[in-house]
Amino acid sequence: MKIFHDISSFREERKQLLPTQKLGLVPTMGALHAGHASLVKQAVAENEVTAVSIFVNPTQFGPNEDLSKYPRSLEQDCALLESLGVDWVFAPAPREIYPEKESEIIFSLRSMDRKLCGRSRPGHFNGVIQVVSILFNIIQPDRAYFGLKDYQQFQIIRQMVNDLHFPVQAVPCPIIREEDGLALSSRNVYLSSQERIQSLFLIHTLKAIKQKLEDFQTVTDVKDFVHHTLAQYPLVKLDYFELLNDKNLAEVDSLTASSSPRAFIAAFVGKTRLIDNLALY
Ligand code: AMP
């Protein structure tokens, strides 16, 4: 496995690929866990060559978010990636990606950044699109793998790939969970033992809604149920709960299978912000 910290040496290596060799990319911010590993395994299985990027992207963090304390474990990450059969790790410093301090590019995300995490984290998806398009330009993958834990992120990236005609296939990958259901996240390490227990609010609520779906008449009934459940979790502060159409993230007005509702939830457990989502059919 080769590790690259600069763009030019990566590009030299990239040039050696034959046109018949497909390149898979898994973009990450490091602090890797079994969720990342599942994306990597899929990429290794489907491509001749697999690259993983590790870059804690400053432009997708808001001013009061956890950029400086975001967990970093490059050595451990590389050992894991090597054991999974990864060929190339691209782990640049922020200056390599953003040589100019003022290099922010503004993208039009249409209405996508006005809902869910876009509303709670202004500028976040602009930063994501900026770094993913830069990584696509440097790494030039044939396929890129993204987890559906970040469902809205995947939809936005797929829209970007279409709008900008990137010759990349964006591949969605299933959510990987702990045995008790908590979605794996690099941020789970922030949770105290009490918070870890209360973090189950997210998946327990989503699963309860799916199980009891026939008991609810309207979307408002479901939202009332979420607020009612929240009362049992004193360490949790709800950021949002929404029922949106699976395909276009438009609001659904019925709970029937034909409107393809998916439940989206974000909550602060103590100071740690967690997200999850579940298809209801
Ligand atoms: P991150 O390092 O948090 O930016 O995540 C890198 C990629 O891993 C993104 O495409 C995430 O959606 C994906 N990912 C993170 N956690 C999980 C998980 N629990 N299951 C599946 N994919 C995940």
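This is a predicted model: local features need pLDDT of at least 70, side-chain atom pairs count only at pLDDT 80 or more; totals for chains, interfaces and linings use all residues.
**Close-up views of the ligand site and a helix pair**

View 1. A polar contact here is a pair of N or O atoms within 3.5 Å. A polar backbone atom of Ile 176 lies 2.9 Å from a nitrogen atom of the ligand, and a backbone N or O atom of Leu 184 is 2.9 Å from a ligand nitrogen atom. The ligand alone exposes 480 Å², of which the protein buries 92% (accessible areas by the Shrake-Rupley method with a 1.4 Å probe).

**View 2. The shell around the ligand.** The ligand is surrounded by 16 residues, each with a heavy atom within 4 Å of the ligand. His 36, Gly 147, Asp 150, Ile 176 and Leu 184 are the closest. Strand S2 (23-28), helix H2 (34-46) and strand S5 (143-147) each give two or more residues to this shell; H2 gives the largest share, 3 residues. Helices (H or I, at least four residues) and strands (E, at least two) are DSSP runs numbered from the N terminus.

**View 3. Helices H9 and H10.** H9 (residues 200-211) and H10 (residues 219-230) pack at about 140 degrees, with axes 11 Å apart (axes are lines fitted to C-alpha atoms over the stretch in contact; angles run from 0 to 180 degrees between N-to-C directions). Phe 201, Thr 205, Ala 208 and Ile 209 of H9 meet H10 residues including Val 222 and Phe 225, contact meaning heavy atoms within 4.5 Å.

**Notes.** Residues are numbered from 1 along each chain as its sequence is written. Local features need pLDDT of at least 70, side-chain atom pairs count only at pLDDT 80 or more, totals for chains, interfaces and linings use all residues, and side-chain values use heavy atoms, leaving out hydrogens and water.

How values were computed: A polar contact is a pair of N or O atoms within 3.5 Å; within protein, one must be able to donate a hydrogen and the other to accept it, and residues adjacent in sequence count only if both atoms are side-chain atoms.
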